[in-house]
Amino acid sequence: MSKSTTPPEQPPIRQLQTVLELLETPSLARIYSYVCLTEDVPVEELISTLEVPQGTVYDYVNRLEDAGLLQKTRTERPYRFDAEPLSVTVTIDGDQQTISAELVDAVGRSDENQDISVYLDRHGIDGLATALEYAREYVGGTVNHRIMARELDLSSLEAEIILQALEPVVRAHRADE
């Protein structure tokens with residue numbers, strides 16, 4: 001991965017606010033995930049590939065750069081960007097959850113993948129994060145939809161649908177490791 005030319009200068013709480021926005025704004029999540037998985041990306045490529053309005057892309061790229069989640073890899077126009085995978089672990093009352101680039105990618109795909117969108121609506125971001133943990137094991141061959149359904153008290157069909165929907169997310173980030 002390329003070296004950053006702009007070190008993050010935002011205080012940690014403001015960076016955390018942007019990370020939380022990634023979980024609430026699928027188009028922002030898609031931009032971050034695309035740069036994270038593609039590397040050395042010009043803004044024009046984000047506009048043409050992700051079909052997000054130009055003004056929104058520039059606004060989101062600036063927001064992600066200000067938060068230190070994207071870094072310029074080219075200091076002259078046209079700017080190009082790289083992203084580092086993020087991992088933020090939150091613990092509240094003993095419950096722990098990790099916000100990862102993989103989870104952000106799943107949120108970003110909810111705009112185009114109805115199965116992820118429906119699961120996110122029904123079970124929230126914590127439910128999606130838990131399903132992603134099962135999806136990693138599913139891809140690894142150590143769990144199937146029946147085990148997930150039994151352990152999470154879901155229908156077998158719902159477990160199978162979300163595991164299949166999240167499989168490309170897990171595979172994309174495994175290839176990135």
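1. Leaving aside neighbours within four places in sequence, Thr-18 is in contact with Arg-63, Leu-64, Ala-67 and Leu-69. The model is a predicted one. Thr-18 belongs to helix H1, which covers residues 12–24. With a relative accessible area of 6%, Thr-18 counts as buried, because this value is under the 20% cut-off.

2. Arg-30 is part of helix H2, residues 26–38. Its relative accessible area is 14%, so Arg-30 is also classed as buried, the limit being under 20%. A polar atom of the Arg-30 side chain lies 2.4 Å from the backbone oxygen of Leu-50. A reader checking this site may wish to look at that atom pair in the model.

3. Which residues does Arg-30 touch, not counting those up to four places away in sequence? They are Leu-50, Val-52, Gly-108, Arg-109, Asp-111 and Glu-112.

4. Two packed helices are described by the angle between their axes and the distance between the axes. For helix H6 (residues 114–140) and helix H7 (residues 145–152), the angle is about 125° and the axes are 12 Å apart. The crossing of H6 past H7 is right-handed.

5. On the H6 side, the contact is made by Tyr-119, Thr-130, Ala-131 and Tyr-134. On the H7 side, Met-148, Glu-151 and Leu-152 take part. Sorted by class, the contact of H6 with H7 has five nonpolar residues, one polar and one charged.

6. Tyr-119, one of the H6 residues in that contact, has its place in helix H6. Is Tyr-119 buried or exposed? Tyr-119 is buried, because its relative accessible area of 4% is under 20%.

7. Not counting residues up to four places away in sequence, Tyr-119 touches Gly-124, Gly-127, Leu-128, Ala-131, Met-148, Leu-152, Leu-154, Glu-158 and Ile-162. Among them, Met-148 and Leu-152 are also named on the H7 side of the helix contact, and Ala-131 is named on the H6 side.

8. A separate distance concerns Tyr-119 and Tyr-34. These two residues are 85 residues apart along the chain, and their C-alpha atoms are separated by 22 Å.

Definitions and conventions. Residues are numbered from 1 along each chain as its sequence is written. This is a predicted model: local features need pLDDT of at least 70, side-chain atom pairs count only at pLDDT 80 or more; totals for chains, interfaces and linings use all residues. Side-chain values use heavy atoms; hydrogens and water are left out. Helices (H or I, at least four residues) and strands (E, at least two) are DSSP runs, numbered from the N terminus. Buried means under 20% relative accessible area, exposed over 50%, partly exposed in between (1.4 Å probe, protein chains only). A polar contact is a pair of N or O atoms within 3.5 Å; within protein, one must be able to donate a hydrogen and the other to accept it, and residues adjacent in sequence count only if both atoms are side-chain atoms. Contact means heavy atoms within 4.5 Å. Axes are lines fitted to C-alpha atoms, for helices over the stretch in contact, and angles run from 0 to 180 degrees between N-to-C directions. A crossing is left-handed if the near helix is turned anticlockwise from the far one by less than a right angle, and right-handed if clockwise. Ala, Val, Leu, Ile, Met, Phe, Trp, Tyr, Cys and Pro count as nonpolar, Asp, Glu, Lys and Arg as charged, and the others, Gly among them, as polar.
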